[in-house]
Amino acid sequence: MTETDGAARVRDAFTAAADAHRAAFVAYLMAGFPTEADAIEAGAAAVGCGADILEIGVPFSDPMADGPVIAEAGRVALTAGGGFESTLRTVRALRSGGHEQPILAMSYLNPLLALGEGVGLRLLADAGADGLIVPDLPAGEMPQFERAAAASGLGLSFLVAPNTSAARLEAAIVASTGFLYVVPLFGVTGTREEVAAGAAQLLARIHVAAAGRVPVAAGFGLSSVEQIHELAAVADGVIVGSAVVAALRDGGPAAVGPLVQRLAAGTQRARS
């Protein structure tokens, strides 16, 4: 798949982190949660306090990959009238605020298709998004969608899991123009006390398979500096969602920056 300007910016963020001897830190927030203004303020705090990339979730009524924290955030956002439009406004507001870090939208397929072929992709790119993650779209299932994303200038990041076959893994590596999103466990999003058993070994194996063709980032279940430090040794990036959303829920936007700063410190690697 041809690399786009958005994909290049995403990959550049991983390269800059690697040059600084650390893994890239990706922070997730839900558009419109708990309010649109709060989400924008929290996004600005996240990128101001160490997030290399910001991931903005599009509220959806059937979030099958999301655990209770993010699913509830989406429900609250939808109840308040949020949705795809609130995602666009959030991205625009962050760009108008001068924040230059890559911004990715995480959307289930339905909200994108409901807008018409390619329409949602163009709207995201025009708003200032660099990439897109679609958790219910396997690589290679909709080639026309992948082509439309590239034509819109968006990088795509596909998900793989412990039970992904070798053929599916290779397809995801080839199709991912942003980064390869590794879910190192069975289950939905949500904080966990420990890194899933075998996660580091899975990431190391996938990193070898990727062979430098695409950055490899791990998400789902990370909530502590220790967990992040463990996976930062074998991944190009780490993604934290539920812990950031919970901090925003419980402490407002002011709680997001300190949490991101503390967790991002775990991405530092020892200099050889």
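User: What makes Gln-201 and Val-208 count as exposed, and which face of α9 carries them?

Analyst: Happy to start there. Gln-201 and Val-208 sit on the face of α9 turned away from its buried side. Exposed means over 50% relative accessible area, buried under 20%, and partly exposed in between (1.4 Å probe, protein chains only). Bear in mind that this is a predicted model, where local features need pLDDT of at least 70, side-chain atom pairs count only at pLDDT 80 or more, and totals for chains, interfaces and linings use all residues. Residues are numbered from 1 along each chain as its sequence is written, and side-chain values use heavy atoms, with hydrogens and water left out.

User: How do you know that the buried residues of α9 lie on the same side?

Analyst: The buried residues are Ala-199, Leu-202, Leu-203, Ile-206 and Ala-210. They cover an arc of only 95 degrees around the axis, which puts them on the same side of α9. The arc is taken from the directions that run from the helix axis to the C-beta atoms. Their cover includes β6 (159-160), α8 (166-175), β7 (180-182), β8 (216-218) and α10 (225-232).

User: Why is α11 called largely enclosed?

Analyst: In helix α11 (residues 242-251), 7 of the 10 residues are buried, so the rest of the structure largely encloses it. Those buried residues are Ser-242, Ala-243, Val-244, Val-245, Ala-246, Ala-247 and Leu-248. They pack against β1, α2 (36-48), α3 (68-79), β9 (237-240) and α12 (256-264). After α11 comes Gly-252, with a positive phi near 75 degrees.

User: What makes a set of residues a nonpolar core, and how many residues has the largest?

Analyst: The members must be buried Ala, Val, Leu, Ile, Met, Phe, Trp, Tyr or Cys residues joined through side-chain atoms within 4.5 Å. The largest such core has 87 residues, and Phe-25 is one of those with the most contacts inside it. Strand β1 (residues 24-30) gives the most to this core, with 7 residues. Not counting residues up to four places away in sequence, Phe-25 touches residues including Ile-228, Val-238, Val-240 and Leu-263; contact means heavy atoms within 4.5 Å.

Definitions and conventions. Helix = DSSP H or I, 4+ residues; strand = E, 2+ residues; numbered from the N terminus.
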